[in-house]
Amino acid sequence: MDGGGEGDIDLRSFATRLRRMTAEFNRIAHEFANEQSLHTTDVQALIKIFDAPTPITPGRLREELNLTSGAVTACLDRLERAGHIRRVRDAHDRRVVHLHYRDAAKELAAAFFRPLAGSTDNVLRRFSPDELRTVAAFLDAMNEELGILRSVPGPG
C-alpha cells in the first residue's frame, strides 16, 4: 500500500494517525497545565502518579520522566504547593517517600477532562468488544516497544 488513501493501513498511515492523536492529547494536556499554572512536566508527573498501580516514589518518577533529581524535586514542590499531590513517608522505612494524588485534585482533573472522557466513550461505542481488544493489544504492544526504545541509548 502507498499510504495515500484514507482507508490504507500501513506504517506511514499509522504513524500519521498516531502523531495526530498524540498532538491532540498534548494540546489538551497543555490547556490543563496552563489553566492550573503548571509546567507540562508537572502534568506528565501527575499522569505517572495517577496511573501507577501503587504509590510511586520520587526516584521511580525520576526514572519514568528521565529527569534529574533536582528537576523532580522542583516539580514535586510545585505540585504539592498547588495542592495536587502529597508526599507520605513509608511507615516501615521513613527514608522512602510515596507520592499520592490528592482526591480534590483528582476531582478537578476529572472535571477538566470530562469532555475527553465523553468523546472517548463515544468512540468506544462504535467498536465491538473484539475490535477493542485488538486496539488495546496494539496500544499495549506500541507502549512496550516505546519502553524498549527509551531504555536504549540514542545515537551520538
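Visitor: Where is the place of L79?

Guide: You'll find L79 in helix α4. Keep in mind that we're looking at a predicted model.

Visitor: Why does L79 count as buried?

Guide: Its relative accessibility is 0%, and buried means under 20%, so L79 counts as buried.

Visitor: What does L79 touch, leaving out residues up to four places away in sequence?

Guide: L38, D42, A45, L46, H84 and I85. As for Y101, it sits 22 residues from L79 along the chain, and the two C-alpha atoms are separated by 9.5 Å.

Visitor: Over to Q36. Where is Q36 found?

Guide: In the loop between α1 and α2.

Visitor: Why are the buried residues of α3 said to be on the same side of the helix?

Guide: Those residues are L61, E64 and L65. They cover an arc of only 85 degrees around the axis, which puts them on the same side of α3. What covers them includes α2, α4, β2 and α6 (129-151). Just after α3 comes N66, with a positive phi of about 55 degrees.

Visitor: Which residues touch the most other members of the largest nonpolar core?

Guide: I49, L61 and L99, in a core of 23 residues. The elements giving two or more residues to this core are α1 (11-35), α2 (40-51), α3 (58-65), α4 (69-81), β2 (97-101) and α5 (103-124). Not counting residues up to four places away in sequence, L99 touches a list that includes I49, L61, L76 and I85.

Visitor: How do you describe two packed helices?

Guide: By the angle between their axes and the distance between the axes. For α1 and α5, the axes come within 11 Å and cross at roughly 145 degrees. The crossing of α1 and α5 is right-handed.

Visitor: Which residues of α1 and α5 meet?

Guide: From α1 there are F25, I28, E31, F32 and E35, and from α5 there are L108, A109, F112, F113 and L116.

Visitor: What makes up the contact of α1 with α5, by class?

Guide: There are 8 nonpolar, no polar and 2 charged residues. Glu counts as charged, so E31 and E35 on the α1 side go in the charged class.

Definitions and conventions: Residues are numbered from 1 along each chain as its sequence is written. This is a predicted model: local features need pLDDT of at least 70, side-chain atom pairs count only at pLDDT 80 or more; totals for chains, interfaces and linings use all residues. Side-chain values use heavy atoms; hydrogens and water are left out. A nonpolar core is a set of buried Ala, Val, Leu, Ile, Met, Phe, Trp, Tyr and Cys residues joined through side-chain atoms within 4.5 Å. Buried means under 20% relative accessible area, exposed over 50%, partly exposed in between (1.4 Å probe, protein chains only). Helices (H or I, at least four residues) and strands (E, at least two) are DSSP runs, numbered from the N terminus. Contact means heavy atoms within 4.5 Å. Axes are lines fitted to C-alpha atoms, for helices over the stretch in contact, and angles run from 0 to 180 degrees between N-to-C directions. A crossing is left-handed if the near helix is turned anticlockwise from the far one by less than a right angle, and right-handed if clockwise. The arc is that of the directions from the helix axis to the C-beta atoms.
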